[in-house]
Amino acid sequence: MKFYDYNAAPSPRRARILMAEKGVAVETEQVDLGTRAQFEEPYRTINPRCTVPALALDDGTVLCDNASIARYFEEIYPDPPTLGRTPVEKALVAEWTARVEGEGLMGVAEALRNRSEFFKDSSVTGPNRYAQVPELVERGRARASACLQDLDARLGEAAYLAGDAFSAADIAAYVFVDFTAWIKLPMPEGLENLARWREAVGARPSIQA
Ligand SMILES: N[C@@H](CCC(=O)N[C@@H](CS)C(=O)NCC(=O)O)C(=O)O
């Protein structure tokens, strides 16, 4: 098994934290997104989507998304659970992970990738070229900001996003909150639930992974 990583990027960080939670150590190779190594061989053949993280299994299967990587580790190392314990918790982990990805992480990515010269014609990840859409910068910032508010509201109802247990949804959300610094997004005032949760999650050793 081999894990394809890039230390500075948010998406593989989610997988690293999840592996640390489960106490799994996997041989790791860095794919330097800074020099666009994701578009070059040998990585392009390993993961034609040209993104990290990816997890190459011993049978030749390559998992190319946090969702599939988390699912795989949950199946082979069920303890501690990260994708929920009860039917409701499992459903809420899926729901909050989707919201954090679709609204939060995507909002920051839109704001980042539609502005800087580095992402010119690479405004969407992957091998296809997409021109930047400058209007998406402000929209992305607004979506990310709204997601921070939504997380705070949810964390006023429950200790963690899926209920009373830490899960992969919290990992996604923690990485998203850190990712907002990349676009210098101000933290809206008064998000006390989010602050309390961030302190608790940030104290977990896995967060350093
Ligand atoms: N859905 C993917 C998203 C992966 C993703 O977007 N990774 C970024 C790094 S955070 C990437 O590989 N970017 C390549 C690029 O910018 O060309 C997942 O969460 O696994």
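What distance separates the centres of domain 1 and domain 2, taken over C-alpha atoms? Please continue from there to the contact itself and to the elements around it.

Mentor: The model is a predicted one, and its domain assignment divides the chain into domain 1, residues 2-76, and domain 2, residues 87-208. Taken over C-alpha atoms, the centres of domain 1 and domain 2 are 20 Å apart.

The contact may be described from both sides. Domain 1 contributes 17 residues, which touch 21 residues of domain 2. Between domain 1 and domain 2 an area of about 1500 Å² is buried, and carbon and sulfur atoms supply 61% of that area. The size of an interface is often expressed in this way, as the accessible area lost when the parts come together.

Charged and polar pairs also join the two domains. Three salt bridges are counted between domain 1 and domain 2. In a salt bridge between Glu21 and Arg204, the closest N and O atoms lie 2.9 Å from each other. Five residue pairs, with both residues at pLDDT 80 or more, are in polar contact between domain 1 and domain 2. On the side of domain 1 that touches domain 2, helix α1 (residues 10-22) provides the largest share, with seven residues. By class, that side of domain 1 consists of nine nonpolar, two polar and six charged residues.

The sheet is the next element to consider. Its four strands follow the order β2-β1-β3-β4 in an open sheet with mixed pairing. Because β2 (27-30) and β4 (62-63) stand at the edges and have a single partner strand each, one side of each lacks a neighbour in the sheet. Strand β1 (residues 2-5) and strand β3 (residues 54-56) run antiparallel and are joined by three bridges. Within this pairing, Lys2 stands opposite Ala56 of β3.

Several loops deserve attention for their backbone geometry. In the loop between α2 (43-46) and β3 lies Pro53, and the peptide bond joining Val52 to Pro53 is cis, with omega about 10°. A cis peptide bond also joins Asp79 and Pro80, with omega about -5°; Pro80 belongs to the loop between α3 (66-76) and α4 (87-113). The loop between β2 and α2 contains Arg36, a residue other than glycine whose phi is positive, near 60°.

Notes
Residues are numbered from 1 along each chain as its sequence is written. This is a predicted model: local features need pLDDT of at least 70, side-chain atom pairs count only at pLDDT 80 or more; totals for chains, interfaces and linings use all residues. Side-chain values use heavy atoms; hydrogens and water are left out. Domain bounds come from an automatic or database domain assignment. Contact means heavy atoms within 4.5 Å. Buried area is the accessible area (1.4 Å probe) that two parts lose on being put together, summed over both. A salt bridge is a side-chain nitrogen of Lys or Arg within 4 Å of a carboxyl oxygen of Asp or Glu. A polar contact is a pair of N or O atoms within 3.5 Å; within protein, one must be able to donate a hydrogen and the other to accept it, and residues adjacent in sequence count only if both atoms are side-chain atoms. Helices (H or I, at least four residues) and strands (E, at least two) are DSSP runs, numbered from the N terminus. Ala, Val, Leu, Ile, Met, Phe, Trp, Tyr, Cys and Pro count as nonpolar, Asp, Glu, Lys and Arg as charged, and the others, Gly among them, as polar. Two strands pair if DSSP finds at least two bridges between them.
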